[in-house]
Amino acid sequence: MPAHDHILILDFGSQVTQLIARRVREAGVYCEIWPYNAADEARIRAFAPKGIILSGGPASVTEGESPRAPEVVFSLGVPVLGICYGQQTMCLQLGGMVEGSSHREFGRAFVTIEADCRLTEGVWAKGAREQVWMSHGDRVTRLPPGFRVIGTSEGAPMAFTADDERRFYGVQFHPEVVHTPHGAALLRNFTHGICGCRGDWTMGAYRAEAIARIRAQVGQGRVVCGLSGGVDSSVAAVLIHEAIGDQLTCIYVDHGLMRANESAQVVKTFRDRFNIRLIHRDASDLFLGQLSGVTDPEVKRKTIGRLFIEVFEEEQNKLGGADFLAQGTLYPDVIESVSATGGPSVTIKSHHNVGGLPEGMRMKLVEPLRDLFKDEVRALGRELGIPEEIVGRHPFPGPGLAIRIPGEVTREKADTLRQVDRIFLEEIRNAGLYDAIWQAFAVLLPVRTVGVMGDGRTYDQACALRAVTSTDGMTADVYPFDMGFLTRVAGRIVNEVRGVNRVTYDITSKPPGTIEWE
């Protein structure tokens, strides 16, 4: 996006690197995350960043084979901010020293501001004691030439360092997380005050640029879009339709794993409201047949991804051929599928839009949202005039209910789960809580429990309800329903859903759990 200022974030493997990008973009500045060793000099110069941020990471700079920033980072003449591991490798590479410490800091800590610098301007004053979030064992013990100490903590005598002349800054704490209360302001000082970014990256600008890119990529080609009815694919479909009109045909594949009444709603919305060409393919027998006997979550995702593509290719052949397949892939999907070491990441779960594509797929991909985070996609949807009931919907995974049924997936289980999920969401909406929750859903457990109904003994399935709050899906807290609400929901489920006699509520945060169960 050459019309806008760029910030480059080099990733050393931190679990919260995405949060750096979120904070930078919230300030209206476009940025990208690259694995540190995928950033050669030519690529960095071509990107023309106004500044570079070095992320944290799990390695120790005291180890011989630990990651290092490309040398061009420090000779390019642009500001550099090192965070945690980023500060350590910057100081080491520029002539300082880093050592392990017996005084480690994890979680909340406090930094005493010993001096002023451009990064603290208008945010922290000399003499203040400020709360931050730390996660480190090593620490800088000798500064490189030109640096001075800005702040200290109990475990890090050089917790905040600066070289104002070269515009190099290092912080041992993590300004990107909400547990550093003024962290976003510090990052804004870096992007706007030090790097000189204009903060002009908006969804209105993104819309116009994305339309131009789609037209340039597609030309006179024909595009099929995998429409799921969720936020991502819906926004992608409307954006692409705005760019190329009837060159787009949406294919809605009903894999038999959607929520209650969802298929009918999707078809009606996109045919009637948006006047988009739409093919509705009921492939539930195919998907459920292929999933028979499959219990491994990764195999489920891969199977569903493969079948989606096969169905798309069948339908596009019926249309006389299509050149492109459009998807609602998001930036977190891309990042989480590539590790900071450049190879396969430690897989938490495969993303349907990234991990399930077969190597021999004949169509080229159009992924107009792959630069965006979820909240940015919602903002773009509103910019496009998509109704709130679509852009405000809770996230729903591409594999649908399949990953909310641990163990083998059957039509009977999917039908049961649909009823449980419908009741849960109905009660959430009736209580006016839907918009206060990031994601809410039910899971059908591979467990049978003894129960009593009337005078008889039952031996039926158990289900789990899950509802979380989050800002970005990277971390999540359980939603604190009152017991009256949960009791009401549980009562409806066991009375209305045949085959379920026990209801539990999942109170696990992320981490250590994931939001979805599989």
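In the predicted model, a salt bridge (a side-chain nitrogen of Lys or Arg within 4 Å of a carboxyl oxygen of Asp or Glu) joins the side chains of Glu 242 and Arg 207, with an N to O distance of 2.9 Å. The pair links distant parts of the chain, Glu 242 lying in helix α7 and Arg 207 in helix α6 (residues 203-218), 35 residues apart. Helices are DSSP runs of H or I of at least four residues, and strands are runs of E of at least two, numbered from the N terminus. Glu 242 is partly exposed at a relative accessible area of 33%, and Arg 207 is partly exposed at 21%; buried denotes under 20%, exposed over 50% and partly exposed the range in between (1.4 Å probe, protein chains only).

The whole structure contains 31 salt bridges. Glu 310 and Arg 306 form one of 3.1 Å between the closest N and O atoms; both residues lie in helix α10, four residues apart, about one turn of the helix. In the salt bridge between Arg 370 and Glu 367, the N to O distance is 2.3 Å. Arg 370 is partly exposed at 33%, whereas Glu 367 counts as buried at 15%. Salt bridges with shared partners connect Arg 422, Glu 426, Glu 427, Arg 488, Arg 492 and Glu 496 in one network.

The largest nonpolar core comprises 89 residues, and Ile 428 and Phe 481 have the most contacts inside it. A nonpolar core is a set of buried Ala, Val, Leu, Ile, Met, Phe, Trp, Tyr and Cys residues joined through side-chain atoms within 4.5 Å. Helix α7 (residues 231-244) gives the most to this core, with nine residues. A second, separate core of 39 residues includes Cys 117, Val 132, Met 134 and Phe 173.

In helix α9 (residues 284-291), the residues Ser 284, Phe 287, Leu 288 and Leu 291 are buried. These cover an arc of only 90° around the axis (taken from the directions from the helix axis to the C-beta atoms) and therefore lie on the same side of α9. Gly 293, which follows α9, has a positive phi near 85°.

The average pLDDT (the predictor's confidence in each residue, from 0 to 100) is 89, and 93% of the residues score at least 70. Residues are numbered from 1 along each chain as its sequence is written, and side-chain values use heavy atoms, with hydrogens and water left out. Local features need pLDDT of at least 70 and side-chain atom pairs count only at pLDDT 80 or more, while totals for chains, interfaces and linings use all residues.
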